[in-house]
Amino acid sequence: MSFGETPITLIGNLTDDPELKFTEGGAALAKFTVAVTPRSFDRASNQWKDGTTAFYRCAAWRSLAEHVAESLGKGSRVVAVGRMRQHDWTNDQGEKRSMLAVEIDDIGASLRFTTVQINGKRPAQNSPAGNDPWAAANAPTIGNATVEGAEPPF
């Protein structure tokens with residue numbers, strides 16, 4: 001992130017399936033909207049109250065765009081981190097227009113109300129380490145010697 005940019009974290013739900021497009025140069029672009037509704041507890045009624053929902057237009061690029069389109073859909077609850085960007089243009093009638101949008105740097109499914117299965121790269125199941133980061137095959141070494149009592153490799 002560059003100096004002067006406005007960072008933002010959104011926690012909300014996708015209003016529709018992400019729209020995946022490709023630029024003329026072949027870069028993937030996913031566009032989607034995140035609806036964010038603040039909630040507060042009303043002590044007088046002893047109930048939670050929803051505030052005004054804000055809708056944030058978002059864009060993700062390249063491999064992140066493809067992952068978003070493949071992994072998320074309408075209603076998905078997400079935690080997204082990005083930067084506010086202003087877009088200015090002139091419409092067909094010659095009127096100047098502008099809008100704010102969020103350029104997403106990272107996004108993930110919220111685990112607050114659901115569980116997910118991550119399908120990322122992992123050590124092969126038949127490797128000596130398997131999925132155990134503390135296994136001997138993953139232990140830190142100096143030369144050919146294993147370092148005893150060392151912290152896990154992450």
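**Exercise 1. Which residues are linked in a network of salt bridges, and how are its pairs placed in the chain?**

Step 1. Taking a salt bridge to be a side-chain nitrogen of Lys or Arg within 4 Å of a carboxyl oxygen of Asp or Glu, the network links Glu5, Arg83, Arg85, Glu103 and Asp105. The model is predicted, so local features need pLDDT of at least 70 and side-chain atom pairs count only at pLDDT 80 or more, whereas totals for chains, interfaces and linings use all residues. Residues are numbered from 1 along each chain as its sequence is written, and side-chain values use heavy atoms, with hydrogens and water left out.

Step 2. Glu103 and Arg83 form a salt bridge whose closest N and O atoms are 3.6 Å apart. Because Glu103 lies in strand β8 and Arg83 in strand β7, this pair ties together parts that are 20 residues apart in sequence.

Step 3. Burial is judged by relative accessible area, with buried under 20%, exposed over 50% and partly exposed in between (1.4 Å probe, protein chains only). Arg83 is buried at 13%, whereas Glu103 is partly exposed at 23% and Arg85 is partly exposed at 26%.

Step 4. The count of salt bridges by this rule comes to 8. Another pair is Glu19 and Lys21, whose side chains meet at 3.2 Å, N to O; Glu19 is partly exposed at 36%, and Lys21 is partly exposed at 41%.

**Exercise 2. Which residues have the most contacts inside the largest nonpolar core, and which element gives the most to this core?**

Step 1. A nonpolar core is a set of buried Ala, Val, Leu, Ile, Met, Phe, Trp, Tyr and Cys residues joined through side-chain atoms within 4.5 Å. The largest one has 19 residues, and those with the most contacts inside it are Leu10, Phe32, Val34, Val68, Ile104 and Ile107.

Step 2. Two or more residues come from each of β1, β3, β6 (54–61), α1, β7 (77–90) and β8. The element that gives the most is β3, with 5 residues.

Step 3. Phe32 can be examined by its contacts, meaning heavy atoms within 4.5 Å. Leaving out residues up to four places away in sequence, Phe32 touches Leu14, Pro18, Tyr56, Arg57, Cys58, Ala60, Val68, Ile104 and Ile107.

Step 4. As a general background, nonpolar side chains in soluble globular proteins tend to be buried together. Of the 154 residues of this protein, 23% count as buried.

**Exercise 3. What lines the largest pocket, and which element gives the largest share?**

Step 1. A pocket is an open set of points on a 1 Å grid over the protein atoms alone, where a 1.4 Å probe fits, with protein on both sides within 12 Å along at least five of seven lines, and lining residues have an atom within 4 Å of a point. The largest pocket holds about 550 Å³ of space, a volume being the space filled by probe spheres set on the points, which are joined across faces, edges and corners.

Step 2. The lining has 16 residues, of which His67, Ser71, Gln117, Ile118 and Asn119 are the closest to the centre. The elements giving two or more residues are α1 (62–71) and β8 (96–109), and α1 provides the largest share, 5 residues.

Step 3. By class, the lining divides into 8 nonpolar, 6 polar and 2 charged residues, where Ala, Val, Leu, Ile, Met, Phe, Trp, Tyr, Cys and Pro count as nonpolar, Asp, Glu, Lys and Arg as charged, and the others, Gly among them, as polar.

**Exercise 4. Where do Asn46 and Arg62 lie?**

Step 1. Asn46, which is not a glycine, has a positive phi of about 60 degrees; Asn46 lies in the loop between β4 (39–42) and β5 and is exposed at 57%.

Step 2. Arg62 has a positive phi near 55 degrees; Arg62 is found in helix α1 and is exposed at 54%.

Conventions. Helix = DSSP H or I, 4+ residues; strand = E, 2+ residues; numbered from the N terminus.
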